[in-house]
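Please look over the sequence and the model below before reading on. The report that follows is meant to be read beside them.

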Amino acid sequence: MAGRECMITSLEYYKIFYHVAKCGSLTAAAEELAVSQPAVSQSVRQLEHALGAKLFVRVPRGVRLTKEGELLYHYVAKGCEQFALGEKKLKQMLNLDLGEIHIGASDMTLQFYLLPYLERFHEKYPGIRVSVTNAPTPETLRNLQEGKIDFGVVSTPFEKTESICTGSVREIEDIFVAGRKFIQYKNKMLDLQELETMPLIFLEGLTSTRRNMERFLLENRVSIHPEFELATSEMIVQFALRNLGVGCVVRDFAAEYLENGQLFELRFNKIIPRRQFCVVTDRRNPLSAAAENLLGLFEKQHPASD
């Protein structure tokens, strides 16, 4: 403990030494530091005593460094200037003049929820760098728990751990869409089992969208074997437009084509449960001022839940 106190005290001595050397005057340094001139003189003497070297000599208009003092100042100045720069940068970060936010989001949550907020935030705080890691929900949750992102925007369903905080921000709807080749299904009330006879287009991999639909269909004793498994929902829509099959997508991706009649939605006698977009954070990872501010934009529209 004594060694630690000595180091803290000597750091203050070095700070005073730096200002005296920079000002060339004990009085000017005292004014700059907002302390008394005797306190500055005493600190210089104590530092000289601790180091066993004379650091200053008096001159008619103040003091100047000795050779030993010049050598020490060369190193101390770098440290003090870095401390000052660090304080300046920290203030800029707290004032949102600079900083960095790391977000995790899927194509879907980025396009249909997050993007307008990022646009608004960037207009208000152009000095903040926003990095978005584009990945499916399971990978986004792993990145959050590993501290690689500040927060994520994901879609349900997902497994929630004790450290994860969630807030629902928007409802989404999974639908099946098709083009003119499948016109016989339009305006008909279909049984879910009829999907087993259709060429289906699904997302590939372990996305929340794919897992949710497979679970729902299995609960209704429907087993599917997609004709095509694609990396993005946009590609599912494009395949459906070319009549390559019946696509399973979130409604937002197909909204334009449903409206202009290029695609139609299949109707079933069982309602497909709706899902949610959620903002997720980890209690173990403190958020920066910039990340807190961006989350504040979400919470103004959607009060947080847990």
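## Basis and confidence

This is a predicted model, in which local features need pLDDT of at least 70 and side-chain atom pairs count only at pLDDT 80 or more, while totals for chains, interfaces and linings use all residues. Residues are numbered from 1 along each chain as its sequence is written, and side-chain values use heavy atoms, with hydrogens and water left out.

The pLDDT (the predictor's confidence in each residue, from 0 to 100) averages 90 over the protein, and 94% of the residues score at least 70.

Helices (H or I, at least four residues) and strands (E, at least two) are DSSP runs, numbered from the N terminus. In helix H6, residues 137–145, the buried residues (under 20% relative accessible area, with a 1.4 Å probe and protein chains only) are Thr137, Pro138, Thr140, Leu141, Asn143 and Leu144. Their cover includes strands S3, S4, S5, S6 and S14 as well as helix H7. Just after H6, Gly147 has a positive phi of about 75°.

In H7, the buried residues are Ser208, Thr209, Arg210, Asn212, Met213, Phe216 and Leu217. Arg221, which follows H7, also has a positive phi, near 60°.

## Strands S3 and S4

S3 and S4 run parallel and are joined by 7 bridges, where pairing requires that DSSP finds at least two bridges between two strands. Glu100 stands opposite Arg129 in S4.

Methods. Buried < 20%, exposed > 50% of the residue type's maximum accessible area, 1.4 Å probe, protein only. Contact = heavy atoms within 4.5 Å.
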